[in-house]
Amino acid sequence: MDEGPHYSSSPEKHRKSGNSGGKRRHRYPLWVRVLTIVLAVIFALALGGLIFVLAKIGQINQAVEVERLARESEYFETDEVDSDLETMNPEEVTWDGTETVGGSDDVTNILLIGQDRRPGESRARSDAMIIASINKTDKTITLTSLMRDMYVQIPGYSDNRINAAYAFGGMELLDETIKENFDIDIDGNIEVDFSGFQDVIDSIGGIDLEIQADEISVMNDYIRDLNRQNGVYSETGLITQAGVLHLNGTQALAYSRIRYVGNGDFERTQRQRSVLMAAFEKVSDLSIPQMLSLADTIFPLLTTDMSSTDIIGLATDVLTLGISDVQTHNIPEEASYQSANIRGMAVLVPDLDDCRRKLQEIIYGQ
């Protein structure tokens, strides 16, 4: 180990002399020297701790620059459209969007992206998009789901579902799309794909959620599908009763994908936020050593465009502010959109002015 320079603590020996003009070096008091040593040790430990934390954070995958899909290669994900839906031509959709959403230095917006990527696929559409807003003044976290079927403007491309932005141009294009339509600046992105999501929930020991009776059949269909993808016996882990249940990663993912029970995608996004809140509460109860151990499992499953410094600052805010409340919302709200069939897609055409005003209230409290 390479050592730094050494400084002698012994006073310089002076020759006894009648020369009174010589300068005399004084020994510092014992308490000053002890304090200096203690501060040096604390600094060394702090530096070592920073290096340790940075090493942990370094396990998170850094997002790479994405080559955007050529405009002529853009596509539209069609589905079986309800015949009762009004059919609209793309030219009929006009975008006003004159409302401007104010910002605040006390609010940090992190976009949480759940990627709908299956085994063997590269980048896919973003199945879940949740803006996590950390308000340092109000000491709150707000989770706002952006409905995946919203029909929006995608910079450089035709109007499409918002989840196509991630498939066409990754985090950067998705952030630009959110800014273009809702005037919200995204400060950073954290992405996890389906397989990673299951491992994250398993690594924290599962979560407790209330399952409704009408959700069981659809949830079990998703569990069977995930089991087959994971090479597991398809009937493993099926849900047999309603009530508050302890879910593993596969079950939690299946629950968060339920779409055709209740109010469609609106309730699905609520389920996704419920899973996040349950996971947040579980992690919040862990000790620091347990969190550091958990980081070794979770961090390699994540991808971000944030720097290590940004992540440390964000974690410090969340852990030290004493967050008192977690609120959940979705955009658009039920009165802020029109259902339509456009290009063979069942979409929600949002009222951008109304959505922007609502986001102003949700995120910034104005």
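Predicted model: local features only at pLDDT ≥ 70, side-chain atom pairs only at ≥ 80, totals over all residues.
Visitor: How many helices and strands does the protein chain have?
Guide: The secondary structure of the protein chain comes to nine helices and 13 strands. Buried residues make up 42% of its 366 residues.

Visitor: Why is L143 called buried?
Guide: Set the value against the cut-off. L143 has 6% relative accessibility. Buried means under 20%. So L143 counts as buried.

Visitor: Where is L143 found, and with which residues is it in contact?
Guide: L143 is found in strand 4, residues 140-146.
Guide: L143 and N109 are 34 residues apart in sequence. In space they are 9.7 Å apart, C-alpha to C-alpha.

Visitor: What makes D183 a buried residue?
Guide: D183 has a relative accessible area of 15%. The cut-off for buried is under 20%. D183 is therefore buried.

Visitor: Where does D183 lie, and what is its phi?
Guide: D183 lies in the loop between helix 2 (164-182) and strand 7 (188-193). Its phi is positive, about 60°, although D183 is not a glycine. D183 and T100 are 83 residues apart in sequence, and 6.3 Å apart in space, C-alpha to C-alpha.

Visitor: Why is R343 called partly exposed?
Guide: R343 has 32% relative accessibility. Buried is under 20%, exposed is over 50%, and partly exposed is in between. So R343 counts as partly exposed. R343 is in the loop between strand 12 and strand 13 (345-350). R343 also has a positive phi, about 55°, although it is not a glycine.

Visitor: Is K358 buried or exposed?
Guide: K358 has a relative accessible area of 19%. Buried means under 20%. Therefore K358 is buried. K358 is in helix 9. Not counting residues up to four places away in sequence, K358 touches I331 and E333.

Visitor: Which peptide bond is cis?
Guide: The bond from I331 to P332 is cis, with omega near 0°. P332 is in the loop between strand 11 (325-331) and strand 12 (337-342). K358 and P332 are 26 residues apart in sequence, and 8.7 Å apart in space, C-alpha to C-alpha.

Visitor: What describes two packed helices?
Guide: Two packed helices are described by the angle between their axes and the distance between the axes.

Visitor: How do you know that helix 2 and helix 9 are roughly perpendicular?
Guide: Helix 2 and helix 9 (residues 352-364) pack at an angle of about 105°. Angles of 65 to 115 degrees count as roughly perpendicular. Helix 2 and helix 9 are therefore roughly perpendicular to each other. Their axes are 9 Å apart.

Visitor: Which residues meet between helix 2 and helix 9?
Guide: K179, E180, N181 and F182 in helix 2 meet L352, C355, R356 and L359 in helix 9. By class, this contact has four nonpolar, one polar and three charged residues.

Visitor: Which residues of helix 4 and helix 5 meet?
Guide: M219, Y222, I223, D225, L226 and N227 in helix 4 meet T250, Q251, L253, A254, Y255 and R257 in helix 5. This contact of helix 4 with helix 5 divides into seven nonpolar, three polar and two charged residues.

Visitor: Which residues have the most contacts inside the largest nonpolar core?
Guide: They are I207, M219, L247 and Y255, in a core of 39 residues. Helix 4 (residues 216-229) gives the most to this core, with five residues. A second, separate core has 33 residues, including V152, L348, C355 and I363.

Visitor: What is M219 in contact with?
Guide: Leaving aside neighbours within four places in sequence, M219 is in contact with I211, I239, L247, Q251, A254, Y255 and I258.

How values were computed
Residues numbered from 1 in each chain as written. Heavy atoms only, no water. Core = buried A, V, L, I, M, F, W, Y, C linked by side-chain atoms within 4.5 Å. Buried < 20%, exposed > 50% of the residue type's maximum accessible area, 1.4 Å probe, protein only. Helix = DSSP H or I, 4+ residues; strand = E, 2+ residues; numbered from the N terminus. Contact = heavy atoms within 4.5 Å. Nonpolar A, V, L, I, M, F, W, Y, C, P; charged D, E, K, R; others polar. Axes fitted to C-alpha atoms, helices over the stretch in contact; angles between N-to-C directions. Parallel < 35°, antiparallel > 145°, perpendicular 65-115°, else oblique.
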